[in-house]
Amino acid sequence: MAILDNFIKKVSSGEKKIVLPEGTDERILQAAVLLNEKNIAKPVLVGTPEEIEKSLVKSGIKRDIIEIVNINDSGLINEFAKLYQKQRPNVSEKIALRLLKKPLIFAGMMVASGKVDAMVAGAASTTADVIQAAALTVGYQKNVSSSSSFFIMEMPDGKIFFYADCAVNISPSSEILADIGVATAASYRKLMQDEPLVAFLSFSSKGSASHPDVDKVVRAVEIAKQRDPGTAYDGEFQVDTALSEAVARRKLKEPSRVAGRANILIFPDLDAGNIAYKITQYLAGAKAYGPVLQGFAKPVSDLSRGAKPEDIVAVAAITCLLS
Amino acid sequence: MEKSEIEKRVKEVVSRILGVDEDSIMPESRFVEDLGAESVQSLELVAAFEEEFGIEMEEQAALEVKTVGKAVEFISKYLK
């Protein structure tokens with residue numbers, strides 16, 4: 001729990017506002033109370049006030065401690081419809097008004113308009129729905145045009161690695177793989193306040209094998225370097241080349257800033273990423289936090305539908321640090 | 001409403017939302033693969049069809065419609 005405690009300590013100013021669009025879910029309400037009590041963030045619930053109030057009473061929570069935004073507030077709806085149409089000109093204001101009836105879209109526009117700093121959703125919605133709402137409202141961050149996710153892996157010796165993408169993109173192209181690398185580097189920088197060293201993984205180290213799958217990773221490294229020249233991206237590397245300086249020295253002809261010292265592992269597809277994070281968790285005894293969504297212009301995080309209030313608080317703390 | 005009228009209006013909506021030429025839209029055109037829709041745009045297409053025809057569609061089923069022709073059939077069911 002050390003890294004999570006660190007994150008919570010870092011956001012203990014409680015200044016960030018987080019919108020929670022699933023305001024009638026009891027776990028969300030309990031998490032909102034904890035966010036307030038621990039001074040992590042100011043939670044804002046979105047929905048119909050009568051329904052949220054009914055849920056608050058049912059959960060024994062005082063109404064006055066949590067801000068509620070009425071999804072039917074015509075002033076906000078009209079403001080958001082105009083902004084939506086400005087961002088996505090192919091959509092008329094009438095269509096935007098229709099879309100804004102959806103809590104995820106409404107909450108996304110609260111983030112896009114700057115009324116809150118971030119959104120946390122997914123306790124009662126699918127990951128695909130959360131990603132869709134974020135892409136349509138908040139849009140993508142600089143140098144990135146797709147969403148992805150990362151896991152924070154805390155090893156038993158305290159070392160931290162970021163793994164991506166282990167949850168969203170099944171078979172990413174070179175462009176999307178580059179997006180994953182660039183987005184994870186940005187997430188690492190914000191959360192760890194340290195230099196990201198990004199290794200793009202393969203079954204080959206710098207040309208030791210030839211295959212279209214290797215070419216895909218090589219191309220991804222090139223794209224990532226072009227898009228974000230100030231960050232250390234390298235590969236294609238086998239995972240031992242990425243993690244062990246002794247192996248890197250043996251296998252590589254040229255020096256690499258990343259080889260042997262990588263703190264971010266970018267997997268070539270979801271098979272590799274998902275298997276790797278679970279193997280690290282179960283065989284190496286690492287703690288895995290995530291998946292945390294990334295790639296958006298402002299932070300939007302997804303929750304597991306089985307999330308408990310404490311899990312929601314942890315995700316909210318990470319989300320605050322990403323904003 | 002006649003099927004030809006529904007088809008005409010569906011093509012107009014698709015052209016507007018996806019920014020593609022109406023003449024390039026065929027009944028067999030797939031929204032993502034042939035017309036270049038991003039998957040996130042499906043929600044906007046559903047909302048645009050609802051607005052155009054004044055209907056409320058079952059969202060999950062509507063999001064599974066992959067071609068223009070199937071969209072015409074799907075919308076027709078709500079106009080009977």
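**Close-up views of a predicted two-chain model**

**View 1. The open sheet of chain A has 5 strands in the order E3-E2-E1-E4-E11, with parallel pairing.** Strands (E, at least two residues) and helices (H or I, at least four) are DSSP runs numbered from the N terminus, and two strands pair if DSSP finds at least two bridges between them. Strand E3 (67–70) and strand E11 (300–302) of chain A are the edge strands, each pairing on one side only. From one strand to the next, the twist averages 25 degrees. The model is predicted: local features need pLDDT of at least 70 and side-chain atom pairs count only at pLDDT 80 or more, whereas totals for chains, interfaces and linings use all residues. Residues are numbered from 1 along each chain as its sequence is written, and chains are lettered from A and ligands numbered from 1 in the order in which they are written.

**View 2. Strand E2 (residues 42–47) of chain A pairs with E3(A) in the parallel sense over 4 bridges.** Opposite A:Val46 stands A:Val69 in E3(A). Strands of a sheet pair through backbone hydrogen bonds, in either a parallel or an antiparallel manner.

**View 3. Helix H6 (residues 103–112) of chain A lies across strand E1 (17–20), E2, strand E4 (118–121) and E11 of chain A.** H6(A) runs at about 155 degrees to E4(A). Axes are lines fitted to C-alpha atoms, for helices over the stretch in contact, and angles run from 0 to 180 degrees between N-to-C directions. Two residues are in contact if their C-beta atoms, placed from the backbone, lie within 7 Å.

**View 4. The axes of helix H4 (residues 74–87) of chain A and H6(A) come within 10 Å and cross at roughly 75 degrees.** H4(A) and H6(A) are therefore roughly perpendicular to each other (angles under 35 degrees count as roughly parallel, over 145 as roughly antiparallel, 65 to 115 as roughly perpendicular and the rest as oblique). A:Phe80, A:Leu83 and A:Tyr84 of H4(A) make the contact with A:Phe106, A:Met109 and A:Ala112 of H6(A). By class, the residues of this contact are 6 nonpolar, no polar and no charged. Ala, Val, Leu, Ile, Met, Phe, Trp, Tyr, Cys and Pro count as nonpolar, Asp, Glu, Lys and Arg as charged, and the others, Gly among them, as polar.

**View 5. Chain A is divided into domain 1 (2–139 + 296–322) and domain 2 (148–290).** These bounds come from an automatic or database domain assignment. The C-alpha centres of domain 1 and domain 2 of chain A lie 31 Å apart. Their contact takes 7 residues from domain 1 and 8 residues from domain 2. On the domain 1 side, helix H1 (2–10) and helix H13 (309–322) of chain A are the elements that give two or more residues; H13(A) gives the most, with 4 residues. That side of domain 1 has 7 nonpolar, no polar and no charged residues.

**View 6. Helix H8 (residues 174–192) of chain A and H13(A) have axes that come within 8 Å and cross at roughly 100 degrees.** The contact is made by A:Ser187, A:Lys190 and A:Leu191 of H8(A) and by A:Ile318, A:Leu321 and A:Leu322 of H13(A). It has 4 nonpolar, 1 polar and 1 charged residues.

**View 7. At the interface, 9 residues of chain A are in contact with 10 residues of chain B.** On the chain A side, helix H5 (93–99) and helix H7 (127–137) are the elements that give two or more residues. H5(A) gives the most, with 4 residues. The side of chain A that touches chain B has 5 nonpolar, 2 polar and 2 charged residues.
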